[in-house]
Amino acid sequence: MMLFQFMQRLNRKQKIAVVLLLDLLLVPLALLFTFAVQELPTSPVALLQQTLPVLPYAMIAIAWFSLWLGLPQIQLKSYERHAVGLTAIVTVVAMVVIAGFSMLVGPKLPVGALIVFGLSYFLFLVAQRAVLYQVVLALYRRARPNRQVLIYGAGNTGTQLAQALKAHDEIMPVAFVDDNKSLQGVTLMGLPVHPPSRIAHLVQERNIDRVLLAMPSQSHPKQIQITQRLQRLGLDVHALPSFAQLIGEEALVDKLTPVAPQNFLGRAACDVSLQDASESYTGRVVLVSGAGGSIGSELCRQVLACRPTKLILYELSELALYTVHQELLQMLEGSAIELVPVLGSVTDPRQVRQVLAEHNVQVVLHAAAYKHVPLVEANPLAGLANNVFGTQTLATVAAEYGVERFILISSDKAVRPTNVMGASKRLAELVVQDRAGRSDTIFTMVRFGNVLGSSGSVIPLFQEQIARGGPVTVTDPRVKRYFMTISEAVQLVLQAGSEAKGGEVFVLDMGEPVSILSLARQVIESAGYSVRDDQIPDGDIAIDIIGLRPGEKMEEELTLCQELIPTRHAKIRCAREAVLSEIEVASFLRTLRQVVAAGDARGARNLIARWVEGYESFGTVVGTTPVAPAPQILESNAADTTVRAAAAD
């Protein structure tokens, strides 16, 4: 510790002087070694005594030349190839100086002795610096506690990192870890290479708390997997930046976008001309509920192309409404179409009535719904209130104010549902069907399956999981779903809505159902990674089978009946399905309002089991449970009776 404190007090010039003094002390030592290994008539000590008179002058000459070259100024940790070359030059100069004084003053040394002196002096200088470096490093490490680290990756990057860290005062690499079995057990840069299975043992034995990941060429998912495994051991993991990051090209890499969802459709996307259909929207006031959602926002874009006089964006989410409003404003720059953002819920009768009356709405496209199956399954009352009461409120007020067309965006999950979300959409369909024919408003609905790329849909989820390094989760290897792009779904919705006469259930032809497991493989491979399975154990991304979530089916259906009536468009067909009477619809709405007001989730599921055809759900209680009347419940158009659920897509 005292030696370390002494070294700390030395300034730069004093340190140079110490190194130069040690270099000069090696001159007589090298001469003594030379005399000892040569067969000379005089003893080595006697010969050294004979050179003592001229030795100081020789040392002064060597010191001057060494300082002129800058050899003592080179830091010990920077003593590399260039410094070794300077050392060789100083050695040659020392040989010439000793030879000159030997010829002038004596004793005369043979050429062989001079060569041995030069070689020994060169080796002594190099060895001295190596020893000094280790001594100084040891003193620093003893005086300052250092951090011991593992280097994961024993390739070129890892070895270069180890070389750089050996000159670091506070970080000391203790070993390599590498998956390559051919490297395991060897020693590189003075450090052993261990298999990953020994990491836990090394951490405990060497008190390691940090791992440096030196594998920049490894795929991003593989690096994330290794990082997560190390973090589970309580280790702090730092990754060496890639070459792209070091040279500033990472921005280019960040701009690479995932493959477009429509590339996974497995069929050609349908492009529908809206020339004829646009007449139903041209020059009219159109309201889109759930305008900030995936389907709602696309409806807004395509409706604008039909040139309405006014487009009303009805949305509960402030952020979603702001986003779609800003986008559409840019599209309408220089146009006479009026854009009206309305922040609110379609379950609020007073606000709905005010909006429809104030703007003289002529067409309603009702896309607002809670649609995420697991969330609605966990919150059945909120899902039912939003999807059923929102539809009832909007449909009732639309009929009251003489709206020309009311088009409900429905779902294939409404057909023989196994979840509350699907059941709520089926009840919403029944409400719309009940309204059809009882007013001048044309009420219709369009039913289709999953939309590629929409919020919460499977492909963005897969891409997000891949970005995190996996695994990609699939509920069951047998699960299949119908898919359609957002654009073609909305085109067909607008086309079907324009052809409606009232009460139809339009079903979109979505092609053959797609295996979700196959889809997961496609998304992984399209991102440039391989699937890790039994055939490829070293693959990048694994696919985990997690089991069906509550309310999910193996395969969805599009109709309750087998008979589908063709329409003018090949992709649009009409289903003949049974409807409830006006009294039955009023009955289930009244009961639903009671169970929602009472917070009775069990009663809500019983109601669904009674009124929704084919509904089956785990935990459903079959049979009826009397629901106590709630005197405080008013009629359906009273604001106090309506649950204020979100109208987000």
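Begin by selecting Val-288, which stands opposite Leu-313 in S8. The structure is a predicted model, in which local features need pLDDT of at least 70 and side-chain atom pairs count only at pLDDT 80 or more, while totals for chains, interfaces and linings use all residues. Residues are numbered from 1 along each chain as its sequence is written, and side-chain values use heavy atoms, with hydrogens and water left out.

Next, select residues 285-289 and 310-315: these are strands S7 and S8, which run parallel and are joined by 5 bridges. Strands (E, at least two residues) and helices (H or I, at least four) are DSSP runs, numbered from the N terminus. Two strands pair if DSSP finds at least two bridges between them.

Widen the view to the open sheet, whose 9 strands follow the order S9-S8-S7-S10-S11-S12-S17-S22-S21 with mixed pairing. Strands S9 (338-343) and S21 (564-566) stand at the edges; each has a single partner strand, so one side of each lacks a neighbour in the sheet.

Now select residues 380-400. This is helix H16, which packs on the sheet and touches S7, S10, S11 and S12. Contact means heavy atoms within 4.5 Å.

Finally, select Leu-299 in helix H12 (residues 294-305). Is Leu-299 buried or exposed? Leu-299 counts as buried because its relative accessibility is 0%; buried means under 20% relative accessible area, exposed over 50%, and partly exposed in between (1.4 Å probe, protein chains only). Leaving aside neighbours within four places in sequence, the contacts of Leu-299 include Val-288, Ile-409 and Val-490.

Technical notes. Axes fitted to C-alpha atoms, helices over the stretch in contact; angles between N-to-C directions.
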